[in-house]
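This report describes selected features of the structure shown below.

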Number of protein chains: 2
Amino acid sequence: MRADARRNRDLLVAAAIAVVAEEGPDASLNEIARRAGVGPGTLYRHFPTRDVLLAAVFQGRLSRLCEQSEELAESRPSGEALLAWLRLLTTHAMTDKGLGARMMRPTATAGVDCWAMLRAAADRLLLPAQRDGFIRADVDFTDLAELTTGIAQAASDPARADRLLTLTLDGLRTHHPTSAPGRDA
Amino acid sequence: MRADARRNRDLLVAAAIAVVAEEGPDASLNEIARRAGVGPGTLYRHFPTRDVLLAAVFQGRLSRLCEQSEELAESRPSGEALLAWLRLLTTHAMTDKGLGARMMRPTATAGVDCWAMLRAAADRLLLPAQRDGFIRADVDFTDLAELTTGIAQAASDPARADRLLTLTLDGLRTHHPTSAPGRDA
DNA sequence: ACCTGAACACCGTTCAAGT
DNA sequence: ACCTGAACACCGTTCAAGT
């Protein structure tokens with residue numbers, strides 16, 4: 001890779017990080033190119049698709065999230081660790097006006113395989129929590145990903161997202177029926 | 001209202017219904033005007049904002065949803081009725097590529113007060129379900145609206161939406177702790 | 001009163017021309 | 001190899017001119 005090409009690529013990613021933080025994932029690509037000081041053609045050469053550029057923007061935050069999954073797995077009991085990480089994931093899905101939510105899909109596999117990385121990070125916490133009996137055995141990563149991104153998209157602010165996440169997690173816990181209403185009434 | 005104005009308004013709504021069904025809530029307004037056979041200026045005269053036009057498109061589906069709430073309240077036991085209606089609401093939020101989800105916000109009050117109508121319809125089922133002890137007393141309409149729209153936006157297909165809704169509702173039920181794990185572990 | 005449609009500033013995307 | 005930037009077809013929105 002030629003030196004000037006490398007330089008332009010870095011300028012574009014930096015500009016994209018800034019612009020996406022301001023305007024969200026639908027930000028103008030021409031604006032990003034302008035801010036990076038290159039022509040629009042140069043942007044398309046490096047990033048043939050908007051999603052490829054967004055993946056580059058997303059990459060830093062994603063790897064941090066994976067690290068945090070490892071830390072939590074070592075430092076906390078399984079149920080607690082999963083809950084804490086899901087909170088991080090939800091916050092994550094809300095950043096940059098929905099960029100996070102947009103990248104947390106199986107299809108958003110551009111350059112880095114975001115979905116596979118997230119699944120690995122989640123399973124590291126989910127499987128122990130299921131083994132220890134805190135979470136239903138039939139829940140999988142797709143459930144967690146869709147529920148957290150959904151909450152992140154629909155909640156009006158972080159406090160409400162936290163409330164919805166708490167409510168939802170009660171549904172994922174293992175069941176302890178006593179009188180079992182809700183069936184006959 | 002002059003006769004030709006009335007006629008143009010109706011043409012615009014009809015065109016909007018068709019185009020939004022195809023392209024979703026971000027459909028081109030010029031395209032809608034074109035399809036209605038009027039100039040773009042005429043569209044803006046009748047609907048100063050995109051959301052006002054979308055509310056007109058949404059209105060029919062909304063009133064049907066309110067009727068269904070009344071029917072369910074009369075014909076079924078409270079817990080069952082609420083669940084059935086929430087299924088309808090979720091389906092609803094998925095129609096027209098996210099138009100439903102977009103209108104289910106407090107801000108989307110254009111012409112018709114969609115939010116107030118939905119709240120009335122939901123409370124008709126939620127309050128009895130809470131009185132009968134099937135749903136937590138601290139859950140309110142905002143919780144239900146955000147959870148269903150979130151699920152609708154994040155789920156990849158109707159079957160998955162149904163699964164997520166079921167999981168979530170288990171979290172909204174009244175609690176029956178037996179061994180109460182998830183705290184200490 | 002209401003409608004028209006040309007006009008403006010923008011957007012995403014492409015591609016000949018340059019170095 | 002890579003970059004440039006003019007160019008194209010589109011978009012949302014406005015507003016003078018018409019009836």
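In this predicted model, α5(B) passes α8(B) in a right-handed crossing. Helix α8 of chain B covers residues 141–154, and the axes of α5(B) and α8(B) are 8 Å apart at an angle of about 50 degrees. The angle makes α5(B) oblique to α8(B). On the side of α5(B), the residues in contact are Leu82(B), Leu86(B), Leu89(B), Thr90(B), Ala93(B) and Met94(B). They meet Leu144(B), Thr148(B), Thr149(B), Ile151(B) and Ala152(B) of α8(B). Sorted by class, this contact between α5(B) and α8(B) holds eight nonpolar residues, three polar ones and no charged ones.

Helix α5 of chain B, residues 78–94, also packs against helix α7 of chain B, residues 114–131. Here the crossing of α5(B) past α7(B) is left-handed. The contact draws on Ser78(B), Ala81(B), Leu82(B), Trp85(B) and Leu89(B) from α5(B). From α7(B) come Leu118(B), Ala121(B), Ala122(B), Leu125(B), Leu126(B), Pro128(B) and Ala129(B). There are 11 nonpolar residues and one polar residue in the contact of α5(B) with α7(B), and no charged residues. The angle between α5(B) and α7(B) is about 150 degrees, and the two helices are therefore roughly antiparallel.

| Helix pair | Angle | Axis separation |
|---|---|---|
| α5(B) and α7(B) | about 150 degrees | 7 Å |
| α5(B) and α8(B) | about 50 degrees | 8 Å |

The cysteines come next. How many disulfides does a search of the whole structure find over all chains? The search finds zero. Cys66(B) is in no disulfide, and the cysteine sulfur nearest to its own, that of Cys114(B), is 9.4 Å away.

Two residues stand out in the backbone geometry. Most residues other than glycine have a negative phi. Lys97(A), although not a glycine, has a positive phi of about 50 degrees. Lys97(A) is placed in the loop between α5 (78–94) and α6 (99–103) of chain A. In chain B, Asp96(B) is not a glycine either, and its phi is positive at about 55 degrees. Asp96(B) sits in the loop between α5 and α6 (99–103) of chain B.

Read from the N terminus, the order of elements in chain A is α-α-α-α-α-α-β-β-α-α-α. Along the principal axes, the C-alpha atoms of chain A fill a box of roughly 70 × 35 × 25 Å. Chain A has 185 residues, of which 46% are buried. Of the contacts in chain A between residues at least 6 apart in sequence, 66% join residues at least 24 apart.

Note on methods: Residues numbered from 1 in each chain as written. Chains lettered and ligands numbered in written order. Predicted model: local features only at pLDDT ≥ 70, side-chain atom pairs only at ≥ 80, totals over all residues. Heavy atoms only, no water. Disulfide = S-S within 2.5 Å. Axes fitted to C-alpha atoms, helices over the stretch in contact; angles between N-to-C directions. Helix = DSSP H or I, 4+ residues; strand = E, 2+ residues; numbered from the N terminus. Parallel < 35°, antiparallel > 145°, perpendicular 65-115°, else oblique. Left-handed = near helix turned anticlockwise from the far one by under 90°. Contact = heavy atoms within 4.5 Å. Nonpolar A, V, L, I, M, F, W, Y, C, P; charged D, E, K, R; others polar. Buried < 20%, exposed > 50% of the residue type's maximum accessible area, 1.4 Å probe, protein only.
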